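Subject: Structure for your review

Dear colleague,

Please find below the structure I am handing over to you. I would be grateful if you would look through it before reading my notes.

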Amino acid sequence: MAASLDAIAGRAPERMGGVSRVLLTLLPLAAVLYGLIPVLFAGQPYWLNVMTNGAVLSFASLGVWLTFAIGRVNIAQGAFALLGGYVTALLSTLYGVSFWLCLPASALVAALVGAAIGWPLLRLRGIYFAMVTLSLTEAMRLAFLNAPGLGGGGILNIPRPAGLDTPLAFYLFAATLLLAGYLLVWRLATSRIGWVFRSMRQNEELALSIGIDVARYRVVAFAICSAMGGVAGGCFASLQQNIYPASYTVSDSINFMLYCFLGGLDFVLGPIVGTFGLVIAFELLRSIQEYQALLYGILMIVVMLFLPNGVISLFPLLVRRFGRGAS
Amino acid sequence: MEQILVNGTILAANYALIALGITLIFSIMNVLNFAHGQMFMLGGLIVYYVCVVLHLPYALALIAAVVIVGLIGMLFEDVFFQRVMRISNREENTMLLAVGTSLLLENAALSLFGEKQRAIPPIVSGVYRIGNAFLPASRALVLVLSLVLIAAVLVFVNYTKTGRAMRALAQDRTATLLMGVDAKRISTLGFGLGAALAGVAGGLLISISGVNAGIGTAISTKAFIMIMIGGAGVISGSLLGAVVLGFAEAIGYALIPGSVTYLLIFVALIVFLLFRPQGIMGKPAA
């Protein structure tokens, strides 16, 4: 088995030195997150908040991207964000657990639940998986709505994370989280596991026939995705200091999926570009109040029609055209 | 008990229109129409607008809903889906485009009609009594209209030339093309018909329970549940799914609190899919 896997991995494009490659991938993003954004918005708490939202949402979208990588359309990320949010909320309000311990707990619970539910459900494919994960989001909301002891309501007065008192501090934390998530997913996608995932997306039977334990890999991908959703949910619960069953609905799950898609499914950077692009576009359209939602919808369709492989696919396209023009 | 049966029958008939529409679109185009609930919502709001704002008769409103939503469906197919199917390099892309169109419709409806819950005055008055159950005349009318429409669609799909072409296209696109069927036209028609069915279902249901601009996702979710139960792309399956969901909902609402009903339906659905992932009537390993 190892030999066949190496054969797949061996098809990876030119391999640079490990460290320089990591730096090359991380530095531009780090420069934007730590340099550009804080400098631009340091004096504007509102926009800093928007960027914090963007960073945490991107983190959750990165997880969804990972399930796209194994060829599943996952509309359940809202469910795991809700779960993670409630874990953080309950631990911190009932037992006074520190935010810094709640967050890993949220990740762990979401990953375990994701693995338990994912193990059987991941046998489904295509639209069936999409539909059943969508149902899962709704089921999770209804479960918390009817959970005994919660009284059908939300949890209020969730303490803010210790040590993150200013919007800038919280933003920097969110940016660090996003960078860590990006590094994790990028590392996965470019490693042997990434090639295993891609082989599963293209042809699951074929991957199975060359000895890849398809069932295990897809559960791993789904559990990582769920854990990232759980962490994002925990962050938002603490940032907004409340959580309700309706905090994450089917529309949120759909949005996570759209962010990945609009950024570009072929790029690890895709979900981040897609999330920030749409979050910022939505804020900018706020100035035209009544048509905000309508223009947002139109914008989305236009991107799909003209860049069906994501916004990032524009750059290779431009480079090619530019290159051809020069030569 | 009789009341539950009556309510279940009305729900099942209305849901069958929704499930038939989404199944037609899925089987012909292989597109999961995420915008189906939004088309339903739009049909309802058009009926509201024609009936309440313009003071025109209900029959006219229903026709307007069918025509407008049907045309929107045809337009979407012709302008959006054909292009994306041609140039995208992943099959998920049409599903995501459908999500995009659903957002577009929902936001357009929000801008045009606002976010208020809309309802129309009863079309006919009076109540029928069946055993111990009460059946308001307006609900009876909705039931009859739904059943007539279902029958009409089944006759159309099974016995007319265009309907047969649609079924052929669903079975084997290449062979159908070779038989000289104008696949592009039939696809557009099929998408329009599916959309029109969603529109008319919304136009009928607004007379019972009212419609608001945000209802779309919930209706789409119901449509998905039905085709997961019955099997995606199978017409008999979609009708079966509608009957199962309609009665499950009617029984649940009568016996347990509303939101627990759907929680149980979801749990049952997930367990059911573990044993029969292709639904009751679906083809295995699709």
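This is a predicted model: local features need pLDDT of at least 70, side-chain atom pairs count only at pLDDT 80 or more; totals for chains, interfaces and linings use all residues.

The contact between the chains

Chain A contributes 41 residues to the contact and chain B contributes 42. Together the two chains bury about 3,800 Å², and 76% of this lies on carbon and sulfur atoms. On the side of chain B, the residues that lose the most area to chain A are R90(B), L96(B) and L274(B), which together account for 16% of what that side buries.

Chain A

Helix α3 of chain A covers residues 45-69, and its 25 residues should span 36 Å at 1.5 Å a residue. One residue of α3(A) is S58(A), which counts as buried because its relative accessibility is 0%. Leaving out residues up to four places away in sequence, S58(A) touches L178(A), I272(A), T275(A) and F276(A). Just after α3(A), G71(A) takes a positive phi of about 85 degrees.

Q77(A) belongs to helix α4 of chain A, which covers residues 77-94. With a relative accessible area of 0%, Q77(A) is buried. Apart from residues up to four places away in sequence, Q77(A) touches A60(A), G63(A), V64(A), C225(A), S226(A), M228(A), G229(A), S253(A) and F256(A).

Q241(A) is found in the loop between α10 (214-240) and α11 (250-263) of chain A. Although Q241(A) is not a glycine, its phi is positive, at about 60 degrees. Q241(A) is partly exposed, with a relative accessible area of 34%.

Chain B

In chain B, the axes of helix α1 (residues 2-29) and helix α10 (residues 235-255) come within 7 Å and cross at roughly 145 degrees. The crossing of α1(B) with α10(B) is right-handed. Among the residues that meet there are I4(B), L5(B), L11(B) and Y15(B) from α1(B), and I235(B), L239(B), F247(B) and E249(B) from α10(B). The residues of this contact comprise 17 nonpolar, six polar and one charged.

Helix α2 of chain B (residues 36-53) has 18 residues and reaches 25 Å from its first C-alpha to its last, close to the 26 Å expected. This helix is mostly covered, with 15 of its 18 residues buried. Just after α2(B) comes H55(B), in the loop between α2 and α3 (58-87) of chain B. H55(B) counts as exposed, at 65% relative accessibility.

Finally, S146(B) is part of helix α5 (residues 137-159) of chain B. S146(B) counts as buried, at 1% relative accessibility. Its contacts, leaving aside neighbours within four places in sequence, are with A13(B), N14(B), L17(B) and L204(B). The C-alpha atoms of S146(B) and N132(B) are separated by 24 Å, the two residues being 14 residues apart along the chain.

Yours sincerely,

A colleague

Notes:
Residues are numbered from 1 along each chain as its sequence is written. Chains are lettered from A and ligands numbered from 1 in the order in which they are written. Side-chain values use heavy atoms; hydrogens and water are left out. Axes are lines fitted to C-alpha atoms, for helices over the stretch in contact, and angles run from 0 to 180 degrees between N-to-C directions. Helices (H or I, at least four residues) and strands (E, at least two) are DSSP runs, numbered from the N terminus. A crossing is left-handed if the near helix is turned anticlockwise from the far one by less than a right angle, and right-handed if clockwise. Contact means heavy atoms within 4.5 Å. Ala, Val, Leu, Ile, Met, Phe, Trp, Tyr, Cys and Pro count as nonpolar, Asp, Glu, Lys and Arg as charged, and the others, Gly among them, as polar. Buried means under 20% relative accessible area, exposed over 50%, partly exposed in between (1.4 Å probe, protein chains only). The expected span of a helix is 1.5 Å times one less than its number of residues. Buried area is the accessible area (1.4 Å probe) that two parts lose on being put together, summed over both.
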